[in-house]
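This briefing sets out sheets, domains and contacts in turn. Please consult the sequence and the structure alongside the text.

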Amino acid sequence: MQVHTFDVVVVGGGGAGLRAAIAAAETGGNAVGLVSKVYPMRSHTVAAEGGAAAVTRGDDSLQSHFDDTVAGGDWLAEQGVVDYFVRHAHAELVQMERWGCPWSRQASGDVQVRRFGGMKTERTWFAADKTGFHMLHTLYQTSLKYPQIQRFDEYFVLDLLVEDNQACGVIALEISSGELHLLRAKSVIMATGGAGRLFRFNTNGGIVTGDGMAIAYRRGVALRDMEFVQYHPTGLPGSGILITEASRGEGGVLTNKDGYRYLQDYGLGPETPLGEPQNKYMELGPRDKLSQAFWHEQQAGRTGKHGDSDVVYLDLRHLGEAYLQERLPFICELAKAYVNVDPAKSPIPIRPAVHYTMGGIETNADCETSIRGLFAAGECASVGLHGANRLGSNSLTELLVFGHLAGKKAMQRALGDSPCKDGAESIRQLGSQWQERLESMMRGGEPGRPRWPELKAELLKVMEEGCGIYRDEAGLTQALQSIRGLRERYERVQLGDQSQIYNTDLLHCLELGCSLDVAEATCLAALQRRESRGAHQRLDDSCQQRNDQQYLKHSQVFYQGAAPARLEWQDVDTHLSAPGERHYGSKGSGLKGSGAEGSDGGQHA
Amino acid sequence: MRSIQVLRYLPEESPQPFLQSFQVPVTDSTSVLDALNYIKESLDPTLSFRWSCRMAICGSCGVMVNGIPKLGCKDFLRNYPNDLIIEPLAHLPVERDLVVNMDSFLRHLEAVKPYLIEGKNAADSSQPNRQTPAQMARYQQFANCINCGLCYAACPQFGLNPEFTGPAAIALAHRYNLDSRDSGKAQRMAPLNSKNGVWSCTFVGFCSEVCPKGVDPAAAVNQGKVESAKSMLIQLFSGRAIGGAGQ
């Protein structure tokens with residue numbers, strides 16, 4: 001096993017990982033390892049479309065961004081973390097501008113901002129409708145300026161090296177050769193993205209399988225708030241391909257099969273005139289509310305059909321071809337290629353699809369986990385920004401703000417701490433343990449051992465049936481039991497490919513093992529949270545309302561090996577804004593005080 | 001169900017690539033990538049290929065479809081009523097099956113200093129630069145490259161000379177050279193002026209035809225030649241540069 005030594009190792013080459021690597025390099029030291037299972041520009045940050053939020057206009061305020069985020073998260077966000085976030089958001093977007101990110105501009109040459117769901121004021125920076133793509137490529141290209149960043153592209157991290165509750169490196173599989181490598185470091189940053197691929201209909205790339213979450217979880221770090229899974233209201237039927245919320249920010253409207261703008265029936269009205277979108281009204285309500293409204297329309301038989309999917313319609317026709325090409329060119333391309341619709345001429349059929357994992361690896365406000373020197377940032381992490389529901393355009397900014405912080409803190413920790421022990425014995429143990437594990441998966445020809453595709457198909461079915469937009473006790477109990485059964489079967493999994501070079505059968509099998517562990521945490525937390533809050537909605541009689549008495553708490557799930565995972569509750573930081581009610585549409589107007597959301601919604605539209 | 005053929009290469013078993021036929025289910029929306037995933041999950045677990053976003057933005061799944069470079073996720077079986085043969089991207093070393101080695105591609109990209117190089121007079125770094133929509137429009141299309149490598153598989157010059165900087169890297173250099181915020185053109189022109197730079201291109205233009213994102217690398221190369229000519233007026237007339245142009 002080859003051994004490499006760094007100050008800091010970053011796992012994941014997406015937005016958070018690249019930002020962290022650059023920050024670590026700028027903080028000092030001389031060696032940052034950046035490990036990714038794909039080339040950095042393939043990371044799923046690339047698919048984010050809409051934009052990145054930061055208070056920008058004179059009529060906006062940090063307080064307002066804070067309030068929108070905390071209320072949007074149904075008071076389950078860590079308020080000190082949100083406060084840090086809104087204060088550092090703008091500087092990070094400016095830094096991206098200085099690195100060349102092609103933000104869309106006003107005629108004056110100043111940066112343009114657009115409306116986004118759940119945000120009271122226009123504060124979303126964007127690069128047409130490929131914001132994540134441009135941010136990721138800008139970060140990747142900028143990272144090339146730093147010779148101290150050494151990349152390990154197409155290496156799959158298997159496990160952490162931990163000694164005396166201190167992170168000391170990672171063990172990784174070189175995909176092109178099948179060889180194991182040990183990357184030693186005094187700090188490790190997980191930046192591995194979410195877990196949307198636990199679900200069948202999702203907007204996520206195939207690589208979004210929860211690997212980093214599982215790796216930290218198996219070493220004892222809590223996965224926090226995993227029951228909160230965001231459905232994006234507008235995915236394409238069949239594939240789940242994302243149609244950005246910016247489509248609605250620019251004025252797109254949602255209709256049912258009768259052409260009726262049904263959102264007005266779900267506390268989001270009154271109907272706003274065509275071409276005059278208002279912040280926090282109708283189509284600019286938050287994602288959880290919009291996805292839930294779809295479910296009710298579907299139950300009432302008012303959805304249409306596209307293939308075998310139930311759909312509603314996103315109508316952009318009134319925006320006109322020229323404007324669509326300027327602001328939403330990628331959406332036009334996707335609609336044409338994947339559902340054969342020209343948005344200038346016909347409404348786009350859409351349906352909700354799993355989009356984002358609010359929960360993740362628990363960290364403190366400095367992005368550090370319960371293992372000293374182990375940090376996490378971006379979608380894989382739960383720093384506490386999003387609470388029970390993320391507002392669109394907060395996560396691209398999150399990558400930057402917390403990627404930067406994690407990189408800086410990790411390097412400071414690495415430079416300040418005494419080096420890890422020699423570690424030769426634990427390295428040897430870790431290496432042989434994984435060697436044996438991989439060889440046992442490779443050993444073919446034994447009857448009755450499952451392969452990953454059948455286990456994956458069952459996982460997707462279980463999560464869709466038991467852990468979807470609406471949940472209940474019986475469904476979740478069944479789902480949890482099924483996931484535990486799948487985890488047991490996975491212990492005996494066997495590969496259909498015994499080769500060393502680019503063995504993607506092995507890769508997908510390892511990913512599935514991660515997904516199964518993360519799925520258990522998700523189902524357990526969803527079962528135990530017997531209330532409805534944000535993206536977690538229960539249909540059981542006593543669970544349909546938010547219940548602050550019992551559940552103004554973060555869930556924390558702890559891995560127990562082959563035994564069932566264990567759950568604990570953790571207090572939420574609400575020291576800046578006492579929990580209030582979430583209101584959108586006209587109900588959100590006129591309310592004052594810390595509990596009022598959207599108190600002057602629409603006035604700046 | 002229909003038949004498709006995939007060029008297999010399993011270096012641990014045989015040095016010889018071979019064609020293998022598979023029967024795959026097909027609907028009007030089945031992409032080449034969907035077909036490959038069906039084969040992997042249901043027919044043959046040893047088939048290897050790269051993919052992720054399945055929405056034509058991550059750039060992972062480039063393959064040759066009936067000899068033309070395509071993104072597997074954005075090309076559909078309905079486009080091929082007759083024979084359909086999937087092969088690895090041309091001009092790049094094949095590691096296994098449809099997985100090619102991207103090292104030389106990345107080396108070319110990284111060699112052109114594809115990042116903003118600010119001048120000494122750059123404004124206060126706590127504020128964003130101004131850039132009008134007209135200034136943005138000069139470079140914007142060249143910023144849309146997803147690094148999929150299809151243009152390298154299309155480029156006959158890259159096929160003959162792997163040291164040729166190639167379409168995507170030249171387009172990326174051009175993207176920064178045209179950016180009103182950038183002062184790094186002089187640094188970037190050295191590799192572009194070299195014999196493996198813009199003058200290697202014979203302007204076949206196939207790179208622009210195959211680009212799945214409507215980037216026009218051929219235009220970047222051509223404009224790069226004008227820039228290169230300006231920046232090396234004298235060298236332009238040396239036999240070396242003319243020979244490299246090959247026109």
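Which residue is the bridge partner of V11(A) in β11(A)? The partner is M190(A). The model is predicted: local features need pLDDT of at least 70 and side-chain atom pairs count only at pLDDT 80 or more, whereas totals for chains, interfaces and linings use all residues. Residues are numbered from 1 along each chain as its sequence is written, and chains are lettered from A and ligands numbered from 1 in the order in which they are written.

**The parallel sheet of chain A**

- Strand β2 (residues 8-11) of chain A pairs with β11(A) in the parallel sense over four bridges.
- β11(A) is also joined to strand β19 (residues 374-376) of chain A, in parallel, by three bridges; here M190(A) has A376(A) as its bridge partner.
- Strand β11 (residues 187-190) of chain A is covered on both faces, with S187(A) and I189(A) buried on one side and V188(A) and M190(A) buried on the other. A residue is buried if 20 or more other C-beta atoms, placed from the backbone, lie within 10 Å of its own, exposed if 12 or fewer do, and partly exposed in between.
- In a regular strand, side chains alternate between the two faces of the sheet.
- Strand β3 (residues 32-36) of chain A runs parallel to β7(A) and is joined to β7(A) by five bridges, with F152(A) as the bridge partner of V35(A).

**The mixed sheet of chain A**

- A further open sheet of five strands in chain A has the order β20-β18-β12-β23-β24 and mixed pairing.
- Its edges are β20 (381-382) and β24 (566-571) of chain A, each with a single partner strand, so one side of each is without a neighbour in the sheet.
- Strand β18 (residues 360-362) of chain A and β20(A) are parallel and share two bridges; the bridge partner of I361(A) in β20(A) is A381(A).
- Helix α5 (residues 211-218) of chain A packs on this sheet, touching β12 (223-224) and β18 of chain A, and its direction makes about 35° with that of β18(A).

**Domains**

- Chain A is divided into domain 1 (236-351) and domain 2 (446-553), with bounds from an automatic or database domain assignment.
- The centres of domain 1 and domain 2 of chain A, taken over C-alpha atoms, are separated by 29 Å.
- Four residues of domain 1 of chain A are in contact with five residues of domain 2 of chain A; contact requires C-beta atoms, placed from the backbone, to lie within 7 Å.
- The assignment for chain B gives domain 1 (2-100) and domain 2 (103-245), whose centres, over C-alpha atoms, are 30 Å apart.
- Each of these domains of chain B contributes 13 residues to the contact.
- On the side of domain 1 of chain B that touches domain 2 of chain B, β3 (62-65) and β4 (68-71) of chain B each supply at least two residues, and β4(B) gives the largest share, three residues.

**Contact between chains A and B**

- The contact takes 43 residues from chain A and 41 residues from chain B.
- On the chain A side, α3 (79-98), α4 (131-143), α9 (329-339) and α14 (504-528) of chain A each supply at least two residues, and the largest share, four residues, comes from α4(A).
- S52(B) lies in the loop between α1 (32-43) and β3 of chain B, and S52(B) is buried because 24 other C-beta atoms lie within 10 Å.
- Beyond its neighbours within four places in sequence, S52(B) is in contact with residues including V38(A), R42(A), G205(A) and C58(B).

Note on methods: Two strands pair if DSSP finds at least two bridges between them. Two residues are in contact if their C-beta atoms, placed from the backbone, lie within 7 Å. Axes are lines fitted to C-alpha atoms, for helices over the stretch in contact, and angles run from 0 to 180 degrees between N-to-C directions.
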